[in-house]
Amino acid sequence: KQNPLKQGVSANTTQRIEMIQLAIQDHSHYRCDLREIEQIDTPLYTLATFQSLRRDYPNASIVFALGEDSLNSLDQWPGFKEYPH
């Protein structure tokens with residue numbers, strides 16, 4: 001939904017989903033998972049999303065796309081040090 005480390009995001013939720021769908025439109029084996037977007041009131045951190053995806057798709061290859069600005073703050077994300085990378 002909203003990265004607490006990032007301020008002043010110019011694309012709204014709908015636009016962000018559309019960008020992902022455009023990026024994967026020619027790759028039928030990819031899909032845009034909306035579990036973070038659909039989470040209503042509670043924060044859902046990326047680590048919890050990865051854990052949830054792994055439970056739901058134990059044998060799948062999971063691709064995570066993020067911008068360079070998020071990559072630069074990745075070490076500040078909750079659970080970063082605990083997650084194998």
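Let's start with a pair of side chains. Asp33 and Arg31 meet in a salt bridge, N to O, at 3.1 Å. Keep in mind that this is a predicted model.

How exposed are these two partners? Arg31 is exposed, because its relative accessible area is 56% and exposed means over 50%. Asp33 sits at 25% relative accessibility, so Asp33 counts as partly exposed.

Asp33 has another partner. Asp33 also forms a salt bridge with Arg35, and here the closest N and O atoms are 2.7 Å apart. Arg35 has a relative accessible area of 17%. Buried means under 20%, so Arg35 is buried.

Now follow Arg35 onward. Which residue forms a salt bridge with Arg35 at 2.8 Å? That is Asp56, with 2.8 Å between the closest N and O atoms. This pair links distant parts of the chain. Asp56 lies in helix α3, Arg35 lies in helix α2, and 21 residues separate them. Asp56 has 46% relative accessibility, so Asp56 counts as partly exposed.

Arg31, Asp33, Arg35 and Asp56 form one network, joined by salt bridges that share partners. The structure holds three salt bridges.

Next, the overall layout. How many helices and strands does the protein chain have? Four helices, zero strands. From the N terminus on, the order is α-α-α-α.

Take helix α1. Helix α1 covers residues 13–24, which is twelve residues. From first C-alpha to last, helix α1 reaches 17 Å. That is close to the 16 Å expected at 1.5 Å a residue. What caps the N-terminal end of α1? Asn12 does: a side-chain oxygen of Asn12 lies 3.0 Å from the backbone nitrogen of Thr14.

On to helix α3, residues 46–56. Which residues of α3 are buried? They are Thr46, Leu47, Thr49, Phe50, Ser52 and Leu53. An α-helix has 3.6 residues a turn, so residues three or four places apart point the same way. And what do the buried residues of α3 pack against? They pack against α2, residues 35–38.

Now the surface. Phe64, Leu66 and Leu71 make a nonpolar surface patch of about 250 Å². Leu71 has its place in helix α4, residues 68–72. Leu71 is at 48% relative accessibility, so Leu71 counts as partly exposed.

Last, the chain as a whole. The protein chain has 85 residues, and buried residues make up 16% of them. The accessible surface comes to about 6,900 Å². Carbon and sulfur atoms account for 52% of that surface. What about contacts along the chain?

To recap. Four helices, no strands. One network joins Arg31, Asp33, Arg35 and Asp56. The buried residues of α3 pack against α2. And a nonpolar patch is made by Phe64, Leu66 and Leu71.

Methods:
Residues are numbered from 1 along each chain as its sequence is written. This is a predicted model: local features need pLDDT of at least 70, side-chain atom pairs count only at pLDDT 80 or more; totals for chains, interfaces and linings use all residues. Side-chain values use heavy atoms; hydrogens and water are left out. Patches are made of residues with over 30% relative accessible area and no salt bridge: like charges are joined within 9 Å, nonpolar side chains (Val, Leu, Ile, Met, Phe, Trp, Tyr) within 5 Å. Accessible areas come from the Shrake-Rupley method with a 1.4 Å probe; for residues, only the protein chains shown count as cover. A salt bridge is a side-chain nitrogen of Lys or Arg within 4 Å of a carboxyl oxygen of Asp or Glu. Helices (H or I, at least four residues) and strands (E, at least two) are DSSP runs, numbered from the N terminus. Buried means under 20% relative accessible area, exposed over 50%, partly exposed in between (1.4 Å probe, protein chains only). Contact means heavy atoms within 4.5 Å. The expected span of a helix is 1.5 Å times one less than its number of residues. A polar contact is a pair of N or O atoms within 3.5 Å; within protein, one must be able to donate a hydrogen and the other to accept it, and residues adjacent in sequence count only if both atoms are side-chain atoms.
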